[in-house]
Each structure stands twice: as structure tokens, then as C-alpha cells.
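Thanks, everyone. Let me put the model on the screen, and then we go through its charges.

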Amino acid sequence: MSGAALGLEIVFVFFLALFLLHRYGDFKKQHRLVIIATLLAWYLCFLIVFILPLDVSTTIYNRCKLAVNSSPAESNGSYVTLAPSKQKCFKPWSYIPDGIMPIFWRVVYWTSQFLTWILLPFMQSYARSGGFSITGKIKTALIENAIYYGTYLLIFGAFLIYVAVNPNFNLQWNQLQTIGIAAANTWGLFLLVLLLGYGLVEIPRSHWNGAKRGYLLMKTYFKAAKLMTEKADAEENLEDIMEEVRKVSESIKYNHPLRKCVDTILKKCPTEYQERMGRNMDDYEDFDERQNSYPSEKSLVKLHKQVIYSVQRHRRTQVQWQILLEQAFYLEDVAKNETSATRQFVHTFHSQEPENKIIQYFYTPTVEWYWECLLRPWFYRVLAVVLATFSVIVVWSECTFFSTKPVLSLFAVFIQLAEKTYNYIYIEMACFLTIFFLSICVYSTVFRIRVFNYYYLASHHQTDAYSLLFSGMLFCRLTPPLCLNFLGLTHMDATISHKKTQPTAYTSIMGSMRVLSFIADGFYIYYPMLVVILCIATYFSLGTRCLNLLGFQQFMGDSEMTSDLIDEGKELIRREKRKRQRQEEGENRRREWKERYGNRDDSTRNRAVHTDQKESSFTETNANRSLSKYTRSNGRTERDRIELLQDAEPLDFNADSVNDDPLESDSGRYQPGGRYLSMSRSKIFDDV
């Protein structure tokens with residue numbers, strides 16, 4: 001099994017990163033380089049988290065071997081036996097041979113640092129550039145990153161000059177490398193504690209609130225009101241941008257030098273706008289530089305950037321609105337089914353996507369009712385209690401991990417107890433659960449935060465390239481200090497434990513922090529205690545209250561603005577529900593009519609021809625009858641026909657349009673002359 005566990009985890013983590021990227025990114029529309037760079041960044045960060053427990057177990061075994069070599073011992077098979085205590089050092093099942101882990105960590109770490117500090121920032125600017133050529137986009141990206149790179153080079157150059165001038169410093173290349181790593185980890189630890197303090201409280205609380213159906217439904221109404229405002233703003237912004245594109249397209253003709261740039265912009269526009277602009281364009285007119293003032297290439301680059309942004313935002317809001325509607329309808333169905341006597345879950349609307357037959361066989365309406373109405377709330381409550389317990393342990397360990405005598409960090413106590421018996425499976429499981437929970441608290445915060453429309457990770461393939469690359473940068477900067485913090489909590493870092501033992505391979509790559517003693521003995525130890533203050537602030541929702549005071553509406557139960565937005569969202573959901581009900585009823589009615597009268601097309605067609613002949617002969621022979629009698633007969637016929645149309649549901653004045661009535665498009669229009677038009681589809685009134 002030597003190295004097999006490492007290979008299995010490498011493959012598993014790759015597919016995990018690929019699955020998450022497929023959920024948030026769009027492989028078909030986004031550039032391949034963006035997908036590859038983001039996938040590589042996510043993959044390396046997840047890989048560090050999953051491989052580090054193997055490094056811990058391998059290090060404990062190597063320490064055991066060193067202890068055996070320094071005392072009289074005898075070898076027996078795959079383990080070594082100490083002479084005085086007869087203690088056995090079993091080789092772990094996931095043991096990684098010597099020399100592999102240092103090379104592995106060195107490649108993974110420096111690749112991630114190259115991505116986060118050099119490649120990904122450059123690709124961010126490249127992805128947001130509105131240039132029409134690769135050279136133009138590269139030029140824009142270099143100009144935008146000149147200040148970014150120049151700041152770091154200036155700081156590093158000033159530091160090198162200070163070291164060269166000061167005779168008290170005699171730094172070598174390895175020490176300079178360690179200083180660079182320490183600077184990067186210090187920046188990452190500063191951001192790590194902020195995100196960790198939020199996640200330690202918000203994750204258990206979100207699961208506890210997930211058991212409250214009324215809370216979730218009210219929050220969904222609140223989101224609907226906010227999303228409708230954003231959706232309307234995105235539509236208005238898109239209309240304004242498309243109007244500018246139309247003016248530019250009409251002013252720049254087919255033989256203008258910048259026409260290729262305009263065609264590139266038109267390809268990024270939605271299809272309906274492309275068709276509309278194509279119909280209004282006169283390509284036969286030549287341009288005249290003396291008569292018209294044409295936009296410059298710089299203004300077209302800016303317009304191209306605005307088009308890409310507005311189209312992406314409009315598409316994202318449309319998809320999110322449909323997803324939010326489905327969520328609101330489902331929560332309303334759960335609230336209705338809680339009082340069901342049949343104990344079978346009944347959906348208001350059928351699923352638009354075809355369900356798996358295996359899932360339908362096992363996940364029956366009865367099973368769904370028991371899960372959604374009875375078991376799921378209790379499951380979320382138990383899970384919230386477990387997560388809250390983990391959060392308390394993490395907060396306690398963050399405040400006490402610097403104490404070695406006695407050992408107060410609970411994670412260090414667990415690892416040391418397992419180390420005495422060399423229970424490697426327990427060691428790896430404890431390490432994995434610890435670092436996995438820390439990663440969930442940090443990474444989930446990265447997925448939840450939203451900086452206006454500048455950074456936003458939206459699921460269902462709605463995340464833009466800039467946000468994907470920015471998330472990759474954050475992961476690469478947060479993961480190394482996260483792992484060092486985990487090793488400090490478990491006292492596997494010699495800097496924290498103050499023991500002269502063999503360090504882990506990951507710690508050996510980071511170098512000795514004793515080069516910067518004020519960071520190793522000060523910042524790394526005492527700054528994580530700040531997580532207590534952040535947890536208290538998150539528990540009392542201080543950040544949410546501050547944003548609400550600044551005008552950014554947040555969901556707060558005791559706020560009047562929140563109540564108004566909930567009422568508004570409830571009305572929006574009710575309106576969309578009525579609209580969808582009318583659509584389904586219309587489709588069902590048309591389906592029933594088709595099944596009922598579909599086989600009578602031929603007979604009704606012949607009957608209609610025969611009826612027309614009889615009506616024509618009847619009209620010729622009775623041309624001298626009185627006009628009043630004809631009028632009464634015609635009025636009676638009209639009343640009969642109106643009665644046939646009274647089955648249709650009356651239109652809702654709150655609806656977005658008045659074309660939702662299925663009879664309006666299928667049954668035709670009645671003319672004063674007594675004849676119906678557009679009767680070829682339904683064939684309903686052919687017998688009249």
C-alpha cells in the first residue's frame with residue numbers, strides 16, 4: 001500500500017475540484033485558459049488539505065524510527081520493537097516513502113504561489129479587457145497590473161537594500177526565501193482569521209435555521225424582492241447598452257475600418273438584439289469621414305467591456321430568478337404538506353426536468369413526506385449541534401495552542417493520545433476531520449461573500465471569469481497559512497511545541513520562522529486569538545446591522561425594511577405562481593382538446609364542407625326574409641358561441657401580459673359577419 005493512498009487521493013481530489021468548477025463555471029462559454037487556471041488553483045489547494053493528514057502519520061512513524069535507532073532495539077518484520085518497553089512501531093497503511101513528500105510539497109506550494117501572485121492577477125485583467133485582439137488584451141492586462149506588481153517589487157527592493165547596507169544582517173538565499181514565505185503567510189493568516197471567525201458561527205447557525213420552515217420561507221421572500229430589483233436594474237442596464245450598440249452599428253458602415261470591431265461586439269449581444277439591429281441596418285451606404293463623427297477604437301473597447309458585463313449580469317439574474325422561484329414554490333409545498341392526513345407529499349407544479357427512474361422508485365411521495373416534514377428538521381438540528389461543538393473546540397484551541405505544559409489544545413491532546421498507541425487510522429481521521437472543518441469554515445465564506453458585482457460566485461454555471469480567477473487567488477493565499485495553523489493546533493509544528501523532533505515535510509518546506517522572531521513568537525501565536533472577537537461579532541450580527549444602517553438591505557427579523565421586502569417578495573411569488581398555474585391549465589386544456597378532437601379531423605373537415613354548401617343554398621333561397629328576424633337569430637348564435645368560451649379563466653390584471661389565455665391563440669377570433677378566423681389548429685367549432 002506504499003504510495004497507493006497518495007495516488008488515490010490525488011485522483012479523488014481532481015474530480016472533486018472538477019465537479020465544483022462545473023457547478024460554478026461554464027465550460028462551454030468561458031475561455032479554456034480561465035477554466036484550466038481556476039481548476040489548477042482549486043485542485044492544488046484541495047490537494048494540500050487532503051494530503052496533509054498522510055504527512056502527519058508518516059512523520060509520527062519516522063519519529064518512532066528515530067527513537068528506535070537511538071536506543072537498543074530489535075527488528076521484526078515490518079515493524080521495530082523497542083528493547084526496554086517492547087513497544088511496536090507499526091508502519092502505517094498510508095506510509096509514503098522518504099523523499100517523495102518534500103518534492104511533492106515543493107512543487108505544489110511554489111506552483112500555487114506562482115498562480116496567486118503572478119498568473120491569476122494577469123489573467124483577471126486579461127479576462128475583463130474589452131480588447132479585440134490578443135495583443136490588445138495583453139497590453140491592457142500589463143498596464144492594469146503595473147501598479148500591482150510595482151508595489152511588491154518596490155517593497156522587496158527596499159528590503160534588499162536595507163539588508164545589504166546593514167552589517168548586522170548576513171542573510172543567505174534560504175533565509176530570503178523563508179522571509180518571502182513568511183510575508184505571504186502573514187498576509188494569508190490576516191485574512192484567514194477574518195473568514196474563519198465568520199464561518200465558525202454562521203455555518204452551525206445556518207443549519208439550525210434550516211430546520212425552521214417559516215424562517216426559510218420568509219428569507220426566500222426577502223431574497224425574491226431584492227433579486228427582482230437587481231433583475232430590473234440588469235434589464236435596464238442591458239437596454240441602455242444595446243441602444244449605444246445600435247447607434248454605433250448604424251454609424252459605422254460595412255466598409256469602415258472599425259466595422260470588424262463592431263461585428264465582434266454584435267456577436268456578444270443577445271440573439272433578439274442582433275436580429276433587431278440587423279433589420280435596421282443599411283449596409284449599402286458608404287461612410288464619409290467629413291460628414292459624420294465616428295467613435296474611436298478606445299471607446300469601442302470600453303463599449304465591448306460593458307456589453308460583456310451587462311449580458312453576463314442579465315443572464316445570471318434571469319437564471320437565479322427561476323431557481324429562486326422553484327425554491328419558494330417548494331417551501332410553500334412543504335408548509336402545506338405538513339398538515340396532510342394522507343402523509344404523501346403533493347407538489348403544486350411538476351418538475352420541469354425529467355427525474356431518474358431509480359430515484360422515483362425509492363424516493364416515493366410517502367418517503368418524501370417523512371423526510372421533508374419529519375426527519376429533515378431534526379437532522380439539521382443534530383447536525384447544527386455537532387458543528388457548534390466543533391466550533392467551540394476550534395475557538396478554545398486557537399486561544400490555547402501556544403501552551404505546551406500543560407497541553408490545553410484539544411486537538412493536540414487527541415493526536416498525542418493516538419501517537420502513544422500508534423493508531424494511525426485514528427490519527428489520520430482526527431487530522432482529516434480537523435482540517436476539513438477548518439477548510440469548510442474558510443472556503444464556504446469565500447463562496448458566500450459578495451463584493452457588489454465585483455466578486456460573486458453564483459452556482460448553476462453563472463459565475464464570470466473574473467470571479468472564478470479571484471476565488472483561485474484567495475484559495476492559494478489562504479491554504480498555506482490554514483495548514484500551518486492546523487499544524488500549530490495539533491502541536492506538529494516545532495515552532496509551537498518547542499521540541500527538537502523531526503518536523504513534517506510540509507513544515508520543512510516552509511523553513512524555520514526563527515529568522516523573523518517577532519512573527520514566529522508574536523503574530524503567529526497571538527493574532528489567532530482575535531477569532532473570539534470575530535465570533536462574538538458574528539453571533540450578534542454586528543456586520544449585518546452595520547450594512548443595514550449604510551443602506552444595504554440585509555435580512556433582519558426586527559427591521560421594518562425587512563418586513564416590507566418580505567411582503568413585496570411574497571406578492572411577487574404569488575403573482576408568478578398564478579402565472580405558472582394559468583400556463584399549466586392552458587397546456588392541460590389544449591392537451592385534452594387534442595386527445596378529444598384529434599381523431600375527428602377528417603370527419604369534421606368533410607362535415608364543414610357539406611355545412612358550407614347547405615348554408616350557401618339556404619342563403620340564396622331565404623334572401624327576402626326580414627332583417628330583424630335574421631338579427632335575432634344571429635344574436636342567439638353569438639350568445640351560444642360566447643357560452644362556449646366561458647370555460648376560460650378570467651385574466652388577472654396583475655399579470656405581466658394578457659396573452660396567457662390559451663383560448664386566445666387556439667380558438668380564433670369571432671367577426672361580426674358571423675365567421676370565425678384561424679380555426680385550422682383546434683377544429684373545435686367546425687360542427688357549429
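I will take the salt bridges, then a surface patch, then the cysteines.

Some ground rules. This is a predicted model, where local features need pLDDT of at least 70, side-chain atom pairs count only at pLDDT 80 or more, and totals for chains, interfaces and linings use all residues. Residues are numbered from 1 along each chain as its sequence is written, and side-chain values use heavy atoms, with hydrogens and water left out.

Salt bridges. Side chains of opposite charge can pair when their charged atoms come close. Here the criterion is a side-chain nitrogen of Lys or Arg within 4 Å of a carboxyl oxygen of Asp or Glu. How many salt bridges does a search of the whole structure find? It finds 13.

Look at E230. One partner is R316, with the closest N and O atoms 2.9 Å apart. That pair links distant parts of the chain: E230 sits in helix α6 and R316 in helix α9 (residues 297–337), 86 residues apart. Helices here are DSSP runs of H or I, at least four residues, and strands are runs of E, at least two, numbered from the N terminus. Both E230 and R316 are buried. By buried I mean under 20% relative accessible area; exposed is over 50%, and partly exposed is in between (1.4 Å probe, protein chains only).

E230 also forms a salt bridge with R450, at 2.7 Å, N to O. E230 is in helix α6 and R450 in strand β4 (residues 450–451), so this pair ties together parts 220 residues apart in sequence. Why does E230 count as buried? Because its relative accessibility is 13%. R450 is partly exposed, at 36%.

Now a local pair. E571 and R574 form a salt bridge, with the closest N and O atoms 2.5 Å apart. Both lie in helix α20 (residues 560–597), 3 residues apart, about one turn of the helix. E571 is partly exposed at 26%, and R574 is partly exposed at 41%.

There is also a network: salt bridges link R213, E372 and R376.

E236, E239, D240 and E244 form a negative patch. Patch residues have over 30% relative accessible area and no salt bridge; like charges are joined within 9 Å, and nonpolar side chains (Val, Leu, Ile, Met, Phe, Trp, Tyr) within 5 Å. E244 is in helix α6 (residues 213–251). Its relative accessible area is 39%, so E244 is partly exposed.

Last, cysteines. The structure holds 0 disulfides (a pair of cysteine sulfur atoms within 2.5 Å). C261 is buried at 11%, and C269 is buried at 5%.

Methods. Areas by Shrake-Rupley, 256 points an atom, 1.4 Å probe, with all protein chains shown as cover. Lys, Arg positive; Asp, Glu negative; His and termini not counted. Charge placed at Lys NZ, Arg CZ, Asp CG, Glu CD.
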